[in-house]
Amino acid sequence: MTQAGRVRSVTLLVLVLISITGSLCLPTYAAHESSAQAAIGLDVRAAFDGNYAPERWLPLTITLRNPGAPLRVQVAAGLPGATSRQMVVVELPGGAETSVPLMAAMDSQAREVQVQVSTDTELLAETTVPVRPRPDERLIGLVSDRPLSLMLPARQDLQQLPLQAFMLDSRSLPEHPAGLSSLSLIVINDLSDQPLSLAQIDALLAWVISGGHLVIGGGVDAAATLATLPAVLRLGSVGEPTELDPVALSDYTGTPASAVLEGVQLRFAPDVIGFGEGRTLLWGRRNLGLGLVTQLAFDPTLRAIANWPGAPVLWDRLLVPTTTSSSQFGATAAFAVEQTRTLASGLGYLPAISLPRSNLLFVLLAIYAIVIGPGVALILRRFDRQAWAWLVVPGIALLMLAVTSAIALNNRSSERIVSQLSVVEQIDGDTARVRSVMGLLSPVDDIVALSLDSAALVRPAPERTSNFGSVYGIEGDLAQDQGQIDVQIRRWEIGGLVAEEMVPLPALDAEILLTPEAIEVRVQNTTGQVLRNVSVVYAGQAVSLGDLPPGGLSSAVWPPPLAALTPRERISNVVLGEALAAGRDVGGQIDRRLLLRETLLNAGAEPLVQAADSGPLVLGWLNVALVPIDVDFRDAARQQVALLIARPRISGTGEAVVPTGWMYLDLQERSVQSCRANGISGVATTTLPVEVPLRLPSAMATFQLEQLRIDLASEREWPNAGVRLELYDWRSASWVAQDFDGPGSLELAAAGSYMQGGRILLRLDGRIAEAGCVLVDAQLRGTLPPQ
Amino acid sequence: MRVWNWMPVLLNDLRMQLRGSRAALLLTVYVGLGLIAMRLVYNTVAGNLNNGLPMFNAQIGQSLFIGQGLTLQALVVFLAPAATVNSVSAEYERRTYDLLSATPVASVHFLIGKLLAGMAFIALLLVAALPLFSVVLLFGGVGTADVVRVLVVLALTALTGSVLGLFCSALTRRTFSATLLCYALLVAIVGGTLFAANVWSVMHALQPAPPVYGVANPLTAMASALGQTRPPEAAVSERLSPLVLLSLLSQGTVVIQEGERIALPIYRATLGLYGMFSLTAIWISLHLLERRWQVRRYDLVLLLLVVLAVVAGWVTRDWWLAGLSGAA
């Protein structure tokens with residue numbers, strides 16, 4: 001081979017090698033190019049360190065880093081094995097980091113949440129976040145701009161309801177009450193630097209009214225913290241710094257407290273129950289809806305508290321959830337979960353289908369029935385061809401069959417059904433919380449487009465089975481902040497979803513006016529919606545005010561005529577009693593629309609009535625859902641029913657008579673063991689003396705008592721002797737024995753000293769245990785001072 | 001063409017049947033009653049849409065179909081014998097039978113002609129009632145198999161009723177006596193079997209009577225055939241079974257399997273029973289007509305048919321015994 005030939009060969013060889021290397025590298029490069037866009041950074045942080053209460057929402061903060069070109073991605077969070085996910089669409093600018101909030105709908109046992117980032121065609125990133133259900137624990141959110149740590153009792157030292165606290169800075173406090181739903185308590189201590197936003201305050205208020213317990217810290221910064229909260233959450237004003245009474249704290253916890261306990265003077269409203277003495281109250285409490293607000297006079301971060309050996313006992317006793325009834329959802333307040341489940345069971349009460357127009361068909365057939373007999377016979381007889389009827393009659397019949405079949409097929413109606421039930425609860429002057437469930441029924445498997453308000457949070461309805469049908473949770477990616485959701489539904493099953501939202505709604509102008517002559521109930525509809533069958537309910541009685549158009553005003557006298565003297569067990573019986581009873585008679589059938597209302601009352605109003613300081617309620621029916629969800633179902637039968645719940649104010653000046661039933665048993669104040677007899681709450685008796693605290697509604701805390709009548713009854717036979725009754729004299733701070741051993745009524749002419757802040761205390765002793773459940777009621781006569 | 005010797009009888013009867021106003025009135029009454037029944041069922045269902053269980057269009061369609069099926073069956077049960085109950089006796093009463101005997105028309109042709117003429121009128125009534133089913137179409141919920149099943153039961157009931165009328169007519173040779181006998185038998189079959197089933201139920205702690213009690217009853221057979229009409233395959237609608245509407249007539253023909261009410265297909269046994277009865281009754285009627293009991297050629301044909309029917313019954317025993325064994 002010549003030199004030139006060798007050079008050519010080497011050159012050729014080099015070229016071949018380059019080609020081979022290039023061809024090998026090309027796919028690698030191309031793959032790199034295609035995956036360059038996929039290199040999305042994903043970090044997920046679960047609120048409350050991933051701890052959650054079953055069936056509630058868990059806020060996630062998702063951070064996305066996009067090093068490539070701008071992208072539009074879907075971020076979805078779902079539980080393992082779940083058929084639906086919460087999803088949000090995010091625009092990712094190139095080379096930037098984006099943080100998005102997403103609420104994950106939790107079940108009762110999930111240990112992880114799967115988060116995926118994808119485009120329409122490609123999965124870009126995914127990760128798993130560990131979470132942990134806390135069904136029987138007190139989850140506490142600590143909201144403070146300064147470090148706040150409480151010396152909580154150790155888990156092993158508690159018999160039940162261990163405490164778990166999580167620090168939340170005020171910026172990350174959720175703006176939707178659902179985001180707080182896992183918490184049973186929130187302690188706010190110092191928000192002087194970063195006030196809460198209006199949305200956060202609304203969420204906090206809705207959370208309290210739904211059963212949360214808010215604890216507001218005291219101390220020198222308390223005034224600034226209080227200033228950020230709405231008036232309804234403030235129990236009073238903060239005065240000068242002062243030395244608090246350590247003895248009361250020692251007595252409360254059983255551990256000697258520090259001799260020096262700095263705090264502030266608290267000046268509470270009359271309806272607040274204070275703890276402590278005089279000007280050195282340690283804290284005060286007031287019920288709000290289903291929840292509770294506690295305001296402390298001291299800073300929980302005080303060294304005297306933080307390092308005090310009695311602190312675990314203090315926090316264990318002070319940080320109590322409002323509801324401690326145990327259920328599968330945990331021992332903490334489960335109002336929202338129970339309400340959702342009750343509402344979902346109401347989806348079985350489907351509306352009647354849209355009947356097709358059938359009258360034309362029946363008229364045509366009636367004419368046909370005449371024509372086919374005498375009509376045909378007369379015509380054929382005219383031509384003396386009666387035998388032709390063997391051909392004419394089938395001919396006309398078949399022609400008629402074709403015509404009527406065409407009409408029938410053309411007029412067939414849809415089998416699709418949409419049912420939406422909502423509970424609308426007024427939160428404050430211009431906001432209402434709406435919890436709405438929707439059921440979709442279709443004769444075919446379908447994907448349905450739902451349009452709804454982008455602020456609504458949507459999750460699948462809990463599975464329910466009733467006599468009227470089974471409800472299952474809808475499937476699909478449930479977009480948040482999008483307003484458009486595509487869900488899959490199975491044929492002939494009721495697919496259910498739950499939507500929650502805070503909506504603007506002007507408050508009802510409702511008032512109960514106490515005058516010397518009578519008690520008047522007055523409601524003006526300021527909501528802008530037609531309200532049907534408005535009623536005011538309190539103490540097992542209901543006054544009906546009829547329908548109220550927007551702006552309409554109606555009034556009535558309390559108590560309602562022919563009202564039952566014994567409070568019935570459920571509010572649905574009070575409001576719908578006669579209609580329900582008629583339907584439940586032998587051979588009767590209850591209209592499903594009535595059953596629907598019963599369900600809504602049980603879901604929305606019943607828990608409020610059973611709450612400690614429920615006060616009177618205004619109930620009205622709306623024919624619109626305030627969380628509008630448009631369903632792309634042509635010709636579907638639709639049903640929308642919403643129960644509006646509002647609280648009337650109680651007002652009046654001068655002499656007034658407070659009727660029986662208005663004073664309620666304050667079960668929280670003295671750890672009274674409650675019981676029920678004949679559907680009425682009573683006090684369970686033991687061989688020990690039983691204290692019975694009775695309270696007027698908060699708005700009547702200033703009532704000045706003059707004459708008192710106490711009614712005593714019992715579940716079992718009242719002992720014929722040996723029962724001692726004492727009343728607490730607030731002026732002399734002593735128990736005063738009464739010359740009355742029950743049962744029946746005790747009337748006292750000058751009873752002013754037995755009431756303070758709307759409270760009366762009774763003590764029953766002796767053989768009272770033989771009476772079993774004791775029912776106590778009172779009627780008062782006195783004066784309401786000017787407001 | 002001795003095979004077609006029944007044609008003159010048939011044609012003559014067809015001509016005669018539609019003379020006068022009786023047939024026209026019967027058509028209007030038959031269609032009108034069916035329409036009224038359908039409207040009543042519709043009103044009842046529509047009036048209770050908001051009460052009790054949710055109801056869907058398909059279920060309303062099924063309810064209407066059931067109501068219509070039962071009404072037509074009840075009318076057929078009582079009209080079919082009426083169409084033939086005077087067919088033989090009238091010839092005797094008019095003294096025309098002897099004249100007919102002198103023609104080439106044999107008794108078997110005479111009988112077949114009379115039977116077909118009677119059945120043709122019932123078929124005319126059924127065809128005239130067909131447009132009523134368009135109301136069912138308005139709501140849906142009924143399949144082709146449901147319609148075929150009901151039509152088969154209706155047709156065989158019409159055949160059996162016509163044969164029964166013919167048999168009574170041939171037996172008594174007097175229209176009045178034949179009518180009395182025929183309707184006494186019908187009342188015994190329709191009412192008696194239901195009564196017996198209820199008595200059995202009362203004597204056995206209100207348990208449903210065995211299905212065999214309902215086999216001979218044409219209304220129970222129709223109820224059983226209608227009971228096969230299933231609601232949509234839904235947890236919701238499954239709870240509202242059309243069987244509720246048939247509770248009285250479906251005594252003993254409904255079993256509960258895995259929590260679900262299932263109608264036993266006893267109409268299959270009824271079809272077999274009616275088929276055998278019709279064959280036998282025609283055979284006996286032929287001899288009653290001739291008043292001679294020696295073996296004729298048609299006896300061999302009919303014997304062959306009976307044997308074939310028995311063999312067919314044996315081969316298909318699993319199918320028609322399903323209703324009687326209590327296993328759906």
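1. In strand S47 of chain A, Leu780(A) is the bridge partner of Val658(A). Helices (H or I, at least four residues) and strands (E, at least two) are taken as DSSP runs, numbered from the N terminus. The model is predicted, so local features need pLDDT of at least 70 and side-chain atom pairs count only at pLDDT 80 or more, while totals for chains, interfaces and linings use all residues. Residues are numbered from 1 along each chain as its sequence is written, chains are lettered from A and ligands numbered from 1 in the order in which they are written, and side-chain values use heavy atoms, with hydrogens and water left out.

2. Strand S37 (residues 654–658) of chain A pairs with S47(A) in the antiparallel sense over five bridges, where pairing requires that DSSP finds at least two bridges between two strands. Strand S42 (residues 704–714) of chain A also runs antiparallel to S47(A), joined to it by 10 bridges, and here Leu708(A) stands opposite Leu780(A).

3. Strand S40 (residues 680–684) of chain A is antiparallel to S47(A) and joined to it by two bridges, with Val683(A) opposite Val774(A).

4. Why is S47(A) described as largely enclosed by the rest of the structure? The reason is that 10 of the 12 residues of this strand (residues 773–784) are buried, buried meaning under 20% relative accessible area, exposed over 50%, and partly exposed in between (1.4 Å probe, protein chains only).

5. In chain B, Val315(B) lies in helix H12 (residues 297–315), and this residue counts as exposed because its relative accessibility is 61%.
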